[in-house]
Amino acid sequence: TVRFRKHMGLYEEKQVAILAKLFTYVHTDEKQQILNDALVSAVWFGEYECVKYLVQEGADLKYQSSGRSMLELAQNAIDRFSDYRVERFILDFIQNQ
């Protein structure tokens, strides 16, 4: 993830395209859990476009991983990459609900 930060736009577009393709193979009964698990990883690594896509597809920003909220997980991207986009997205999403 770190080495691609210089080329984020193209990199994130490709990630979203891959996610979209992979989700065509996910069984409906498993989709919500897989969306939420993928959201955890995307938030943790600050993958902004992936987070937006996953939420659009139905991932739950209220989902917790090991007792940690999405905002707490987003702190990793801030600490490691100085990337606040995911945190801002989550805060905006919560505020507009």
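How many aromatic pairs does a search of the whole structure find? The search finds two. Rings of Phe, Tyr and Trp (its six-membered ring) count as a pair if their centres lie within 6.5 Å; planes under 30 degrees apart are stacked, over 60 edge-to-face, and the rest tilted. The ring centres of Tyr48 and Phe89 are 6.2 Å apart and their planes stand at 85 degrees, so this pair is edge-to-face. Tyr48 belongs to helix H3 (residues 48–57) and Phe89 to helix H5 (residues 85–95), so the pair ties together parts 41 residues apart in sequence. Ring pairs join Tyr48, Phe89 and Phe93 into a cluster. Phe89 is buried, at a relative accessible area of 17%; buried means under 20%, exposed over 50%, and partly exposed in between (1.4 Å probe, protein chains only).

The model is predicted: local features need pLDDT of at least 70, side-chain atom pairs count only at pLDDT 80 or more, and totals for chains, interfaces and linings use all residues. Residues are numbered from 1 along each chain as its sequence is written, and side-chain values use heavy atoms, without hydrogens and water.

The chain has five helices and zero strands. These are DSSP runs numbered from the N terminus (helices: H or I, at least four residues; strands: E, at least two). The C-alpha trace spans about 35 × 30 × 25 Å along its principal axes. Of the 97 residues in the chain, 35% are buried. Among contacts (heavy atoms within 4.5 Å) with a separation of 6 or more, 66% come from residues 24 or more positions apart.
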